Amino acid sequence: MISMAEVKVSIVQDVLDNNVKLRRPPIGLNYAAYAVLTLPDGENGEHGLQVIGRSSNHKYLKQLLERFSGPSCTPDAQIKLWEELLPKVHNALALLDGALVLAGQGENVRAVFDVDMGGFFYNRVNSHSILFGATLDQSQINHGQCDREMKQMVTELQAVFTAHGA
Amino acid sequence: MGHTAERQVEIWQQSVAPVANFFSKLWSLEPLEADGAPSSLTRVVLDAEVGGLFYGTVGSYGWLFAATLDQQPLNTGLAEQHFAVAVKHIAGALDETKGSKVRKAAHD
């Protein structure tokens, strides 16, 4: 008997794969991860993040790495860096939210980080989960493709949670 | 929000420092690329519940901060486009000014 939680994880994985791993032609995001917030730990009060689903386009990422960084860089190493970055971005944004209360604009629900070579994306899906995406392809950021893919996945994930409960 | 436009601008001016600190903090999270090469953060878009904030490098000259309370241009991407155009124009104008000064110095 498959539990509802397992069904949801499976649907989340399908959403990520359909928008990243299986996207044809392979453009836009190289990697996406869906994570849920865990309880704050006692030491610093920061929420932890547990990655529930992840998807990547290894072939496309490998091509970009070979073009820009040389053959020694592997997609797995790049993905490991992005996964290490995810909680740091999340906690830095939480701190910033606190500092910007006065601006009266509410919490940050989406953030785009444009770096020299590509960038990464952070979107709140609901109050306790986030979607993180990354690419090494700068042109896909300039043309807004990655942003569109992130928004598409957030919409699909929110629909899943509406149908199956958060 | 219950305050004046002047007050909102004042609040945004006070928001520059926290956003700049956030930017610096993330910049220090290098390396962002698998070969360990430093990769500089050039632009951050912060889409809030109401409007958003933008912060980005203007070439090697400095930074540009922008903000809006209008959610619509954030949803359509128009605000990001305007920010990118503003950065480009300012950088171009500064390049031109710098070029003029170099040419003037060479002429003198």
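Author: Two strands pair if DSSP finds at least two bridges between them. Strands (E, at least two residues) and helices (H or I, at least four) are DSSP runs, numbered from the N terminus. This is a predicted model: local features need pLDDT of at least 70, side-chain atom pairs count only at pLDDT 80 or more, and totals for chains, interfaces and linings use all residues. Residues are numbered from 1 along each chain as its sequence is written, with chains lettered from A and ligands numbered from 1 in the order in which they are written.

Reader: How do strand β3 of chain A and strand β1 of chain B pair, and over how many bridges?

Author: Strands of a sheet pair through backbone hydrogen bonds, either parallel or antiparallel. Here β3 (residues 108-115) of chain A meets β1 (residues 41-48) of chain B in the antiparallel sense, over seven bridges. A:Phe113 stands opposite B:Val44.

Reader: In what order do the strands of the open sheet run?

Author: The order is β2(A)-β1(A)-β5(A)-β4(A)-β3(A)-β1(B)-β2(B)-β3(B), eight strands with antiparallel pairing. At the edges lie β2 (48-56) of chain A and β3 (62-68) of chain B, each pairing on one side only. Neighbouring strands are turned by 15° on average, direction ignored.

Reader: Which helix of chain B packs on the sheet?

Author: Take contact as C-beta atoms, placed from the backbone, within 7 Å. Angles run from 0 to 180 degrees between N-to-C directions; axes are lines fitted to C-alpha atoms, for helices over the stretch in contact. Helix α3 (residues 78-107) of chain B touches β1, β2 (52-58) and β3 of chain B, and its direction makes about 25° with that of β2(B).

Reader: How many helices and strands does chain A have?

Author: Five helices and five strands.

Notes:
Contact = placed C-beta atoms within 7 Å.
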